[in-house]
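Look at the structure below, then read the notes on its charged pairs and on one of its helices.

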Amino acid sequence: MLFTSLFAATAALLAAAPADALKGSRNPLLPKRQHARSVDTSGPAVEAARNVKRQYFPANATDVKTFTTPTNVTIRYKEPGAAGVCETTPGVNSYAGYIDLAPNVHTFFWFFESRSNPSSDPLTLWLNGGPGSDSLIGLFQELGPCRITENLTSVLNPYSWSNASNLLFLSQPVGVGFSYQEEAIGSLNPETGGFLNTSQANATGRYAILDPVDVGTIDTTDLAAIAAWHILQGFLSGAETLGAELGDSKTFNLWTESYGGHYGPAFYNYFYEQNQKILNNTIPGYALNFDTLGIGNGIIDESIQASYYPEFAVNNTYGIKAYNDTVYSYAVFANNMIGGCQNQIEECREAAAGINGGLTNDGYTLTAAATSNPAVDTLCSEAQDMCRDNVEGVYYSYGGRGAYDIRHPYDDPTPPSYFVDYLNTAYVQNAIGVNLNYTDANDDVYYAFQATGDFIYSNFLEDLEQILDRGVRVSLYYGDADYICNWFGGQAISLAVNYTHSAEFAAAGYQPLTYGGVEYGEVRQYGNFSFTRVYESGHEVPYYQPQGAYAVFERTVKHLNVADGTVPVTANLTSTGPANATHTEAFVALPPTGSASLAAWSESVIASYSSLDNVAPPTTATAY
C-alpha cells in the first residue's frame with residue numbers, strides 16, 4: 001500500500017514537472033549558491049538585461065601603495081577608512097587591496113582592526129560560501145563594521161564583530177568578487193552568470209575571469225583550502241609592513257557560513273596541520289594560535305542533512321506547510337529509494353573506494369586520489385544533482401516560499417543587496433584599490449565545484465571530529481527560519497559528530513540564549529562544542545538577529561559559555577535544560593502578491609531589520 005501511494009505521488013510529480021526528475025536535472029529553480037538577494041530574475045527582467053545593459057568600465061585606482069613581503073608576495077593596498085568608506089570609527093584602521101601570490105593569482109582582501117584593542121584581540125577570518133559567493137556579503141550584510149543604505153551611503157554597524165576581534169575578509173576562491181586570475185572586457189550571461197567575451201556579447205564592463213577561462217584551477221573544497229592557506233600566509237607576511245594590528249598572541253579564529261559548512265572544517269583542519277609543520281620547523285611560515293571555528297547555517301554533510309529538507313518544509317516551528325503531502329512523499333521517496341539520493345551518495349563513495357587510497361576513515365572520506373578522477377567526479381556530481389533537484393529542490397518548485405527564510409516569499413527582498421551597487425561606484429572602487437566591475441558571486445566557480453560533486457563529499461564531518469579532539473572551540477549556529485541549510489539538519493549534524501565527548505554533548509540540555517535581557521535562541525553546549533538555534537532568523541543570522549549573533553561570536557572567542565556569557569568555558573561545562581529545542585512561533589502568512597502591496601511589504605520588512613541596529617548594546621556584562 002505504501003509503495004503504491006509513493007508510486008502514485010512520483011507519477012503525479014513527474015507529470016506536473018517533467019524536468020527529468022530522478023535523473024539529476026540541474027533544475028533552473030534551484031538556488032545555486034549563497035548570494036545577495038533582491039535581484040529580479042523574472043522573464044521580463046532577464047530580457048531587459050539582455051537588451052539594455054549599462055556599460056561601466058572602472059578606471060585604474062590612484063595612489064595605490066605596493067610592497068613586497070619577506071616571502072616575495074606583492075601586496076597592493078589602500079586605506080578606505082581615510083576616504084570615509086565603511087569603517088569610520090576614529091582611530092580604527094582598515095586596509096583593502098590585493099595579495100598577489102603569482103602572476104595569475106590576485107586575491108582581494110579587506111582587513112579591519114578591532115574597535116576594542118587590536119594589539120591584544122584575536123584575528124578572525126570570515127568566509128562566505130557558495131561555492132563562488134563573495135565574503136563581502138558577510139562584510140556588508142552581516143557582521144562587518146558598516147552597512148549600506150538604499151541611497152548607497154555607509155553607516156556604522158554597532159554590532160560588528162570587529163567590536164571583539166580584528167577581521168579579515170577574503171574574496172575566494174580566486175575569481176570571486178574582486179579577486180581575479182585575469183581581467184577581461186566583456187559581459188555576464190544573464191541566465192548562467194558566466195563570463196562572455198566581446199565576440200559573444202556586447203561588452204558591459206571589465207570583469208574578473210578564471211584561467212583557463214570558465215574553468216579555473218580550483219574545483220573542490222580541499223583545493224580551495226590549500227589556496228586560502230597560501231593567501232593567509234601572504235597576508236601575515238606583510239601585516240607588519242602594512243601596519244595591521246593582529247594581536248600579540250596571534251590568536252586565530254575562522255568563522256563562515258552556508259557552503260562554509262564545507263569550507264570551515266576543511267580549511268581549519270588543513271590550516272592547523274600546516275601550522276603544526278611551521279611550529280616543528282618542517283616548513284617556513286607564520287605560526288598562529290588556533291582557537292575557534294564557527295559555522296552559521298552550514299551544509300556539512302548531505303547524507304545526513306538531506307533527510308531534513310522535507311521534514312522542515314512541512315513540520316517546522318512556524319506552523320508552515322510549504323507543500324502538500326504528495327510532494328512530501330515524493331521528496332522522502334527520492335531520498336531513500338533505490339537509485340535515490342542516499343543510494344547515489346553511497347555509490348560515489350564506492351567509486352572512490354575502487355581507487356587505491358581513494359577512501360579513508362572507514363569508507364567515509366574521499367581523498368585527492370578519488371576527487372581528481374573524472375569518473376568519480378561524474379558519479380558524485382550525479383548524486384549531488386539527484387539530491388538537490390529531487391529532495392531539496394521540490395520546495396523551490398512547489399513551496400512558493402524563500403530558500404533562505406521560509407517566512408518570506410520565494411523572491412525574498414531580504415537582505416537587500418545595496419552593497420553591490422555601492423561597490424560599483426567609482427569613488428568606492430578607487431578607495432579600495434580596484435578597477436573591476438563587482439559581482440557578489442562567480443557562477444563559473446560554482447559550476448566548477450558542481451562538476452566534481454564536491455557538494456556531497458562526506459569529508460567534513462571527520463574534519464570536525466578531528467578539530468574538536470584537538471581542543472578547538474567549535475560553535476555551530478543556525479537561524480531557525482532558513483530552509484536551504486535548516487536547523488533540523490544542523491542539529492542532526494551536531495549529534496552525529498563522533499568525537500571524544502559525543503555522549504556528554506548529546507546529554508546536555510538546551511539552555512536559553514540571552515543577551516541584553518532578551519532571549520534569542522536555545523543552545524546545547526558541552527565544553528568546547530556548542531549548537532545554537534537562533535529564533536526568527538533566516539540564513540544570514542547576523543542580519544536577522546545582530547544582537548544574538550554577536551553574543552554567540554563574542555562569547556565563543558572570549559571563552560565564555562554561549563548561553564549567557566557568565567561562565568568561563570571548562571572541559572566539562574554543560575548547558576542545562578530540556579533535551580529538545582521546542583520553541584515555536586506563530587504561523588507566518590505570505591504577503592500580498594499585488595505589485596504595490598508587495599513593494600510596501602518589502603519596504604516594511606527591510607526597515608524592521610534595519611531598525612535592529614538601533615537597539616543599544618548592553619553596557620555591562622551583568623546585562624547579558
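Arg 76 is partly exposed, with a relative accessible area of 23%; partly exposed lies between buried, under 20% relative accessible area, and exposed, over 50% (1.4 Å probe, protein chains only). This is a predicted model, in which local features need pLDDT of at least 70 and side-chain atom pairs count only at pLDDT 80 or more, while totals for chains, interfaces and linings use all residues. Residues are numbered from 1 along each chain as its sequence is written, and side-chain values use heavy atoms, leaving out hydrogens and water.

**Salt bridges between strands**

- Side chains of opposite charge can pair when their charged atoms come close.
- A salt bridge here is a side-chain nitrogen of Lys or Arg within 4 Å of a carboxyl oxygen of Asp or Glu, and the count by this rule is 13.
- Arg 76 forms a salt bridge with Asp 100, at 2.7 Å from N to O.
- Asp 100 belongs to strand E3 (residues 94–102) and Arg 76 to strand E2 (residues 74–78), so this pair ties together parts that are 24 residues apart in sequence. Helices (H or I, at least four residues) and strands (E, at least two) are DSSP runs, numbered from the N terminus.
- Asp 100 is buried, with a relative accessible area of 11%.
- Glu 522 and Arg 533 also meet in a salt bridge, at 3.0 Å from N to O.
- Glu 522 is in strand E18 (residues 518–526) and Arg 533 in strand E19 (residues 529–534), so the bridge ties together parts 11 residues apart in sequence.

- The side chains of Arg 349 and Glu 346 meet in a salt bridge of 3.5 Å, N to O.
- These two residues are 3 apart in helix H9 (residues 341–353), a separation of about one helical turn.
- Arg 349 counts as buried at 10% relative accessibility, whereas Glu 346 counts as partly exposed at 34%.

**The buried face of H9**

- H9 has 13 residues and reaches 19 Å from its first C-alpha to its last, close to the expected 18 Å; the expected span is 1.5 Å times one less than the number of residues.
- The buried residues of H9 are Cys 341, Gln 344, Ile 345, Cys 348, Arg 349 and Ala 352.
- Seen down the axis of H9, these buried residues fall within an arc of 145°, so they line one face of the helix; the arc is that of the directions from the helix axis to the C-beta atoms.
- Among the elements that cover the buried residues of H9 are helix H8 (325–336) and helix H11 (374–392), where contact means heavy atoms within 4.5 Å.
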